[in-house]
Every structure is written in structure tokens, then in C-alpha cells.
Amino acid sequence: MSNLVTRYDLFPTPVWQFQLPNWQEIEYDIVSYLMQDDIYFTQLEKNGVQTSDGDLHLKHDKLNPVRDFFQESFEEVMDIMGYDKKCGLTTMWATRTRSGGSHHDHIHRNTFLAGVFYAFDSDGAAYGTAFKNPQANLYQLSPRAKPDSREFLTNSAVMPFEAGTCVIFPAWAVHHTYPNQSRCRIILGANSMPIGKPNTDHYHQYDFPDPADIGYLSLEDHIREGYKRR
């Protein structure tokens, strides 16, 4: 018998998963739209990953159900974390990954929460988002694991790719994708920022605006000006 009273996960990296309730009803329309070649900047393709512009939440009505789903999910996460849930989407984009394509380790800068919506996996073999453990360098030993058990101290974790679901996570969480095992993998990504004044600003100088009221500079504008992806 254990004398354990409570286990405290003091500093975890939280990731929340949400299911879009009516996904089967809208899946065909959304995936058909996201399969179109002309929404992706093929000249920016890198490592087999094609990216769209980041303003899909502003101009494509067919994607409104996913946009609204992202918004509701972000608000729920803000509430779970104990914050005022008032927040807004700053960007939403699509990525299409070819067989063997992968995304390098990265974080989402200049935002608070990030999300990935799993839209399409042509062969049922795509990986979900892989997260790095930021404290993995502290693990000095790797004890022998019990058969069929999930190790508690691991270097990384991979979310399952389940079409119609999204995962929400802190924007600072380092993540990547493994080489794609299916012919085509499509996701929608989104970022969110809180709206209003924070209560931990020492100088009371910030009042985050609603992103809907902010102008958006598209990738297309950057490309016209000779922007090159690094």
C-alpha cells in the first residue's frame, strides 16, 4: 500500500487536445479547399513542407468552422490556466507536407498560445506534433523500463494525428514533425494573444489590442519585396 497523498506536477509542459464536434459533416469541404495548390507558396517550400499565407482566418469563409473552433479552444485553455479568457487569433495558416517531409525544431515567437489542427492524412500514417522535453538535459540516468509501460522521464513525446482534432500548447514549447510517412499531410496552425491589460506588468504600460483590429502584412507582400525564407 502506498502512503502517497498527492503528486504535484509543478512545472509541466501542458498540451490540450480538443475534438471538433461536427468534423465529419464539414471535412470534405475543408480538406478539398486545403488540397488546392494555389493557396501554398511553392517558392517557399522547405524540407518537403509547403506553407500558405497566415491570414486564412480573415479571408476564407470555408475555414470559418475551424477558425471558430480554434478561438473557442484558445479561450477554454486561457480559462483552464486561470487567466481572463479574452484572447484573439493573430494568424492562421495551412501547411502541406509531402512524403518524407518534416518540420525542424521551432517555437512560435511573438505570441502566447499556439495550436495545430489535424486536417488530412492520406494514408493514416502521418505523425502528430512532436514536443521536446525542455528539461531532458537534466536526466542523468535511463533506468530499465517495465514492459509495456509509458516512461515518465522521456526526451520527447508525439501527439497522435487524429483528423478533426486540435492541440493547443504554450508558444514557447519546442516542437517539430518527424519525416512524413504518408503521401500527404495537411494541418492548420494558429496563434493567439491575450487582449487587454496584464496584471503582472511592472510599469502598467501594455494594453494588448484585439488582433482583429490590427493590419496584416502577408507573405505575398514580403515576397514582392524580395523576402527570402531562412
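A salt bridge here is a side-chain nitrogen of Lys or Arg within 4 Å of a carboxyl oxygen of Asp or Glu. Everything in the close-ups below comes from a predicted model.

**View 1. Lys 132 and Asp 105 join strand to strand.** The side chains of Lys 132 and Asp 105 form a salt bridge, with an N to O distance of 2.7 Å. Because Lys 132 sits in strand E6 and Asp 105 in strand E4, this pair ties together parts that are 27 residues apart in sequence. Where do the two partners stand on accessibility: Lys 132 comes out at 35%, so it counts as partly exposed. Asp 105 also lands in the partly exposed class, with 39% relative accessibility. As a bit of background, side chains of opposite charge can pair when their charged atoms come close.

**View 2. Asp 37 and Arg 96 pair up across a stretch of sequence.** Asp 37 makes a salt bridge with Arg 96, and the closest N and O atoms are 2.9 Å apart. Asp 37 belongs to the loop between H1 and E2, while Arg 96 belongs to strand E3 (residues 87–98), so the contact links parts 59 residues apart in sequence.

View 3. The Arg 7 and Asp 9 side chains come together in a salt bridge, 2.9 Å from N to O. Arg 7 has a relative accessible area of 54%, so it is exposed. Asp 9 is in the segment before E1 and has a relative accessible area of 44%, which makes it partly exposed. For a sense of scale, take Asp 9 and Glu 76: they are 67 residues apart in sequence, and their C-alpha atoms are 21 Å apart in space.

View 4. Phe 11 is placed in the segment before strand E1 (16–19). How much of Phe 11 is accessible, in relative terms? The value for Phe 11 is 71%, so this residue counts as exposed.

**View 5. The second largest pocket and its lining.** This pocket has a volume of about 760 Å³. Its lining is made up of 23 residues, and those nearest the centre of the pocket are Pro 12, Thr 13, Asn 133, Tyr 139 and Phe 152. Two elements give two or more residues to the lining: strand E6 (130–132) and strand E7 (156–158). Which of these gives the largest share of the lining? That is E7, with 3 residues. By residue type, the lining of the second largest pocket splits into 13 nonpolar, 5 polar and 5 charged residues.

**View 6. Asn 47, a loop residue with positive phi.** Asn 47 is not a glycine, yet its phi is positive, at about 55°. Most residues other than glycine have a negative phi, hence the close-up. Where is Asn 47 in the chain? Asn 47 lies in the loop between helix H1 (23–34) and strand E2 (49–51). Asn 47 is partly exposed, with a relative accessible area of 45%.

**View 7. Asn 110, in the loop between E4 and E5.** Asn 110 is another non-glycine residue with a positive phi of about 55°. The loop that holds Asn 110 runs between strand E4 (103–106) and strand E5 (113–121). Asn 110 has a relative accessible area of 77%, so it falls in the exposed class, for which the cut-off is over 50%.

View 8. Phe 18 and Cys 166 are separated by 148 residues in sequence, while their C-alpha atoms are 5.3 Å apart. Phe 18 is part of strand E1. Is Phe 18 buried or exposed? Phe 18 is buried, because its relative accessibility is 13%.

Methods. Residues numbered from 1 in each chain as written. Predicted model: local features only at pLDDT ≥ 70, side-chain atom pairs only at ≥ 80, totals over all residues. Heavy atoms only, no water. 1 Å grid on protein atoms, 1.4 Å probe; cavity = no way out; pocket = protein on both sides within 12 Å on 5 of 7 lines; lining within 4 Å. Points joined across faces, edges and corners; volume = space filled by probe spheres on them. Helix = DSSP H or I, 4+ residues; strand = E, 2+ residues; numbered from the N terminus. Nonpolar A, V, L, I, M, F, W, Y, C, P; charged D, E, K, R; others polar. Buried < 20%, exposed > 50% of the residue type's maximum accessible area, 1.4 Å probe, protein only.
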